[in-house]
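Me: I would like a close look at a single part of this structure. Please start where the two chains meet, then follow the elements from there.

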Amino acid sequence: MGSAMHVARREYVEGVRSKAFIIGIILAPVIIGVSVSVQFVLAAKAPKPRVLAMVEESQFFYPVVAQKLEKEKDNYLADGTRKLTLRFEPAGILEETKRRLKEELDRGTLDFFVLVPKDLVKREEPRIEVFTRNAANVTVLTDFRPALIEAMREERGRLASLSPEQVKHVTARIDFDNTEVKRGGREERGKKFEQAYFSAFGLVMLLFMTIIGTGQLIMSGVVEEKGNRVIEILLSSLTPRELMFGKIIGIGGVGLTMLAIWSAIGLLGLRISKLSQLVAPASIVYLLVFFLLGFLFFASLMAALGSLCNTEKEAQQLVQPVTLTMALPMMALFYVSQNPDAILTKVLSLIPPFTPFLMMTRMALLPPEPWEIAAGIGLLAVSIVFALRAAARIFRLGILMYGKRPSLYEAWKWARTP
Amino acid sequence: MNAIEVENVSKAFSGHQAVRDLSFEVRPGLVHGFLGPNGAGKTTTIRMILRIFHPDTGSIRVLGETDGRQVRNRIGYLPEERGAYRKMRVRDLLRFFGGLKDLRGGELNRRVDQGLELVRLQDWGKKKVEELSKGMQQKVQFVATILHDPELLVLDEPFSGLDPVNVELLRDLVLEKKRAGRTILFSTHQMEQVERMCDRVLLIHRGRKLLDGDVGEVRRAHGRNTVTLEYEGDGRRLAALAQVESARDEGSRFEAQLRPEVDPPDFLAEAVNHVRVKRFETAEASMQSIFLKLVGEERAAEPVPQPVVEGGVRG
C-alpha cells in the first residue's frame, strides 16, 4: 500500500501542477461566467426597436392598442425607447396595400404588419394574419398580443353592455405561484422550475465533465507509461495492482480538488449575485460523494482499457463507446427532471453507471426517498468493487502487452481469471 | 551464494517460445555480459529476473530469495527502451523513482544531488525531462537505477544510443560499482564492451543457452587456432586458402579460424604469397567472431523460425 500511495502522490502533484488542471480551474468558471453575463448583456442590450403597422379599414383597434402599449412598462427599454412602435395603415385596396408594405419589409423600414379584419369582434374564432421577414421576431409581439386581446374583449363587453371593469373582472387571469414542499414540510417559495432545472443541470454537467476528464487522465497516463516504458521501472518496484490503485487514488484526488475549487468559486459567485437559494450546500456534499463513486467506476474501466492500448489514438477509439454510454443519463436528464417521481426515473437512477448523474439531478429537484439513495449508492458500491477487481486483472496483463491490441473478448477472459 | 540463479526456466507467449529450459548463474561481485541476437529472449529473461513476468516453468532465485518483493529494493534495473515522464522535472522524477525504492527525506535529496553530479547533470535538475537530449535522459535513467545503491544492477543495453564520451562515462560508473562489490548483469550487442568490461559472458539464441563462462577462458577456448593479420592486398585470396576454416575480412584486417591440423606459422608462410602482411598474431578469438560462429552454426542447424504469433509480448 505504501508504494500505491507513493504513486498516488506523484499523480496528484503532477496532476494539480499540470497546465490542463490550471486551465480547467480558470476556464470553467470563466466559461460559466461569460455565458451567464452574455445572457445578461443580451437581455439588457436593447433589441433594435421594431415597427408594426396595423392594417385596418378605419382606426378601430389601433388607438386602443397603441394606448395600452404606451402604458405597458415592459414595452420600454432601460433608456426609455419603445421596443415596439405602432403605426396605422388604412387598408385601402388590400392587395395594393400589402404589396406596398411588403416592399417596406424588404427595405427594413417596417418589421411587421398585421391585417385586422373588420369583423374581428364578431368572429367565433378570431384570427389575424401577421407578416414579417423573420418568424423568430414574433417574440417582440409578447406585449402587443395581450393588448389586442384585451382591446377585443373590451369591445365585445361594450357590445354586451358591460363596463370595462366588468370585462376585466370576467376575464381575469389566475397567477400561479409555485411553492416546493421539501421533506419535513419546509416550504420554499418562488423557485421557478427553470431555475431548479438549470441549477440541477449545472451541477450534473460539472459532475459529468469532471468524471469524464479525470477518467481520460487515468487512461492517457496509463498509455503514456506503457508507451515510454516507464512501466518496466515501475513494475520492477511495485505490483500492477499497487500501480493501478495508486493512479486511481492520485487522480481521484485531482478531481476532488478541482470540484472543491469550482464549488467554492460557484458558491461565492451565487452569494455575490444573491442567488444562493439556487444551490443548497448539501448539494455540494452530494456532488463530491457522487463524483467519488462515479469516478471510481469510470476510472477502473479507463485504467483497464488504457492498459490494452499502445497509442493515444487507439485509446480514444476504444473509449468512445464508454463515453457515449456515460452520456446516456445526460440525455435522460430532461425526462428525469420533468418526471422526478416516475417509475422509469427510479429504475434508471438505480443503474450503477447512471446513478451519480440521475440521483444528483433528482436531489436538486425532488429529493428521492432515503432508501432509494441508499440502494443507488449500495448498488454502485458493489459494482465498483467488481469493476476494480476486473480492471486490476486486465491491467496486470494488458500493461505489458505490446503489438496488436488484445480484443475486448480476450480482456473479458482475463477479467475472469483470478 | 550466487546473485542470480536461473534453473530450467521456460516462458512462452501465445504460442511463441521465448525462453526454453534456460539455466545459468550470475556470480556475486562480477560483471556479466548477456549476449544474443535480436529476439533471442534476453529481455524476456531479464524481465523474469525482475519479476515483471513469471516463468511458465522453472525457478529463479535473486539475491537468495524466490519472492521478488523481498529484494526489489536491492536491485537496480535499467530497461532497454528508456523513457521517462516527459513533463516531470528531472529532480522530481529521480525523487519519485528513489521513493519507489523506499528512500525518503534528506537521504533521498542527498542521493539525487550526488547522482546528478555523477553524470554531470547537476545544473539540469530543475529542467523538464523533455528539455533534455536523449543521451542526457539516458544518464538520468541510469542515476535512477543506482540511486538506492543496489547490490545487483540489471542493465538492458545500457550503452546503446550514447556518444563515445558518455559510453566512457557510463562504463566507468559501472566499473566503479563493481569495485564497490556490486554485481552487474548487462545485455549488449557491442562485443568490444564485453571484452573490455566483463568477467563472465552468457550467450543465448532462440531462448536457449549457447555459451556460459569466464570471458578469458571462452576466448582462449575458441581462439586455439585463431590468427589475425593486418595486410595490404586482396583479402579474398586469404579466405580462399585451404587452411582456413572460417574467416572475417575487414579490408585491412583479417581474422581467421584455421583448421585444427594447421599450424599458424605454416599459414603465415602461405599468406605472404598472396598479400603483403604487415602484422601477424595468433590470438584469442574476439567475442564478435565467437558470437557469429556460434549463432551462425545454430541458425544453419535449425529451421526458419515461425513468425511470432500476433498479440505476443515483445521479448
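Reply: Start at the contact between the chains. It takes 19 residues from chain A and 23 residues from chain B. On the side of chain A, two elements give two or more residues each: α1 (2-17) and α8 (230-235). By class, that side of chain A has 8 nonpolar, 6 polar and 5 charged residues. Keep in mind that this is a predicted model.

Now follow α1 of chain A. It packs against helix α9 of chain A, residues 240-272. The angle between the two is about 35°, and their axes lie 7 Å apart. The crossing of α1(A) past α9(A) is right-handed.

Which residues meet there? From α1(A) come A:Ser3, A:Ala4, A:Met5, A:His6, A:Val7, A:Ala8, A:Arg9, A:Arg10, A:Glu11, A:Tyr12, A:Gly15 and A:Val16. From α9(A) the partners include A:Glu242, A:Leu243, A:Phe245, A:Gly246, A:Lys247 and A:Ile249. A:Gly250, A:Ile251, A:Gly253, A:Val254 and A:Thr257 of α9(A) also take part. By class, this helix contact has 11 nonpolar, 7 polar and 5 charged residues. An α-helix has 3.6 residues a turn, so residues three or four places apart point the same way.

Helix α13, residues 355-365 of chain A, is mostly covered, with 10 of its 11 residues buried. Among them are A:Phe357, A:Leu358, A:Met359 and A:Arg362. A:Thr81 sits in the loop between α3 (62-71) and β2 (84-90) of chain A. A:Thr81 counts as exposed because it has 11 C-beta neighbours inside 10 Å, and the cut-off for exposed is 12 or fewer. A:Thr81 and A:Lys48 are 33 residues apart along the chain, and their C-alpha atoms are separated by 9.9 Å.

Chain B has 315 residues, of which 40% count as buried. It holds 11 helices and 13 strands. Its C-alpha trace spans about 70 × 45 × 40 Å along the principal axes. Take the contacts in chain B between residues at least 6 apart in sequence: 71% of these join residues at least 24 apart.

Zoom in on B:Phe53. This residue lies in the loop between α1 (42-49) and β4 (57-62) of chain B. B:Phe53 counts as buried because it has 20 C-beta neighbours inside 10 Å, and the cut-off for buried is 20 or more. Leaving out residues up to four places away in sequence, B:Phe53 touches B:Lys11, B:Thr44, B:Arg47 and B:Met48. B:Lys11 is 42 residues from B:Phe53 in sequence, and 9.0 Å from it in space, C-alpha to C-alpha.

Step back to the domains. Chain B is divided into domain 1 (4-215) and domain 2 (224-283). Their centres, taken over C-alpha atoms, are 39 Å apart.

Finish with a sheet in chain B. Its 4 strands run in the order β11-β12-β10-β13, form an open sheet and pair antiparallel. The edges are β11 (244-249) and β13 (276-283) of chain B, each pairing on one side only. Neighbouring strands of this sheet are turned by 20° against each other on average, direction ignored. Look at one pair. Strand β10 of chain B, residues 226-232, joins β13(B) over 7 bridges, in the antiparallel sense. In this pairing, B:Thr226 has B:Ala283 of β13(B) as its bridge partner.

Note on methods: Residues are numbered from 1 along each chain as its sequence is written. Chains are lettered from A and ligands numbered from 1 in the order in which they are written. This is a predicted model: local features need pLDDT of at least 70, side-chain atom pairs count only at pLDDT 80 or more; totals for chains, interfaces and linings use all residues. Two residues are in contact if their C-beta atoms, placed from the backbone, lie within 7 Å. Ala, Val, Leu, Ile, Met, Phe, Trp, Tyr, Cys and Pro count as nonpolar, Asp, Glu, Lys and Arg as charged, and the others, Gly among them, as polar. Domain bounds come from an automatic or database domain assignment. Two strands pair if DSSP finds at least two bridges between them. Axes are lines fitted to C-alpha atoms, for helices over the stretch in contact, and angles run from 0 to 180 degrees between N-to-C directions. A crossing is left-handed if the near helix is turned anticlockwise from the far one by less than a right angle, and right-handed if clockwise.
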